[in-house]
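Please have the viewer open as you read.

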Amino acid sequence: MVRRLIFDLLVAVGKEHPQALVYPLSVARQSTNNDTNSEPGPAHKIMNRLREHSEKLLDQVLLVSQELIRVAISWAEEWYSALEDASSVYFIEGRVEPFLEILKPLHEALNRGCSTLSEASFHQCFSSDLKQAEDLCIKFKETKNVGYLNQAWVYYYQTFKVLALQLPSMKTAELRLASPQLESAVNLDLAVPGTYFVSGRKEGNQETRVARIAKFQPTLPIIPSKQRPRKLGIISDQGKEYTFLLKGHEDLRQDERVMQLFGLINNLLQNNRSTTKYHILIRRYSVIPLSPTTGLIGWVPNCDTLNELIGE
């Protein structure tokens, strides 16, 4: 009964304010998309109801989320990180199955083929060695002969060494190479992430409160830290540029909940007579998860990173 009431409430909110739900629903959809044999989860069902009146908007949010995830972590970075983790699991902890499981989805992606020039370049440079390594891992599974794994690691390590030299020289991510679909995505109905808010009072023209995506900046500087996040610029249809940190290898859903808590605290401070006169507020920034491992963080201007401070 409670579940049904919540479902109906979200469907009703989605009908009036679809922009408020499309980003969270796209994440929830991915979180429950692991078992292809199971029936559609609540997120899928709500999105299907939203399609009845906002199909174009849903298609746009799925495209933008998918392509931003692609841009957040290149194949080179993904393989480098996975090989680093796999080597630790195998050589330090002595565990074989986790070693194979870490690399399995990367081999599957490589075997599916390339969608961008960036992926095609990686495929041309490394697919031969990685295919040799994959074949040796398959032979290990069939024979349980550890010698095949050791031979496979020779190929993996060759790739790892080259990537270790290449990655520091990658200073930017270009959309024409990493995501041509995102580069050509212009004048969307979709709101700029983190900008859509529902006010508490009725307004004659609610559409004026929506800052829609006009285009994405074609070049994303890469921040020189361990996770190598990107600095993403989005131009709205009102001409304003919004800047975000695009992060991969990190679950931002808990960060999003913290910002929501800070928002609640700010409301309490503003509505309390003893605190409102001091103008006490917690400084917040936008946190928009795109998947369980990727998301956007609103850029806070006039701030230095710890890495920059240490460098100075």
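## A pair of helices

Helix α5 (residues 97-112) and helix α7 (residues 146-166) cross at roughly 50 degrees, with axes that come within 14 Å. Helices here are DSSP runs of H or I with at least four residues, strands are E runs of at least two, and both are numbered from the N terminus. Axes are lines fitted to C-alpha atoms, for helices over the stretch in contact, and angles run from 0 to 180 degrees between N-to-C directions. α5 and α7 are therefore oblique to each other (under 35 degrees is roughly parallel, over 145 roughly antiparallel, 65 to 115 roughly perpendicular, and the rest oblique).

Which residues of α5 and α7 meet? Phe99, Leu100, Leu103 and His107 in α5 meet Leu149, Trp153 and Tyr156 in α7, where contact means heavy atoms within 4.5 Å.

## Strand β4 and its neighbours

Strand β4 (residues 230-236) has 6 of its 7 residues buried, that is, under 20% relative accessible area with a 1.4 Å probe and protein chains only. Strand β2 (residues 213-216) runs antiparallel to β4, joined by 3 bridges; pairing requires at least two DSSP bridges.

β4 also pairs with strand β5 (residues 241-248), in the antiparallel sense over 6 bridges. Ile234 has Phe216 as a bridge partner and Tyr242 as its partner in β5. In the hairpin of β4 and β5, 4 residues lie between the strands, and Gly239 in the turn has a positive phi of about 90 degrees.

## About the model

This is a predicted model: local features need pLDDT of at least 70, and side-chain atom pairs count only at pLDDT 80 or more, while totals for chains, interfaces and linings use all residues. Residues are numbered from 1 along each chain as its sequence is written, and side-chain values use heavy atoms, leaving out hydrogens and water.

Definitions and conventions: Buried < 20%, exposed > 50% of the residue type's maximum accessible area, 1.4 Å probe, protein only.
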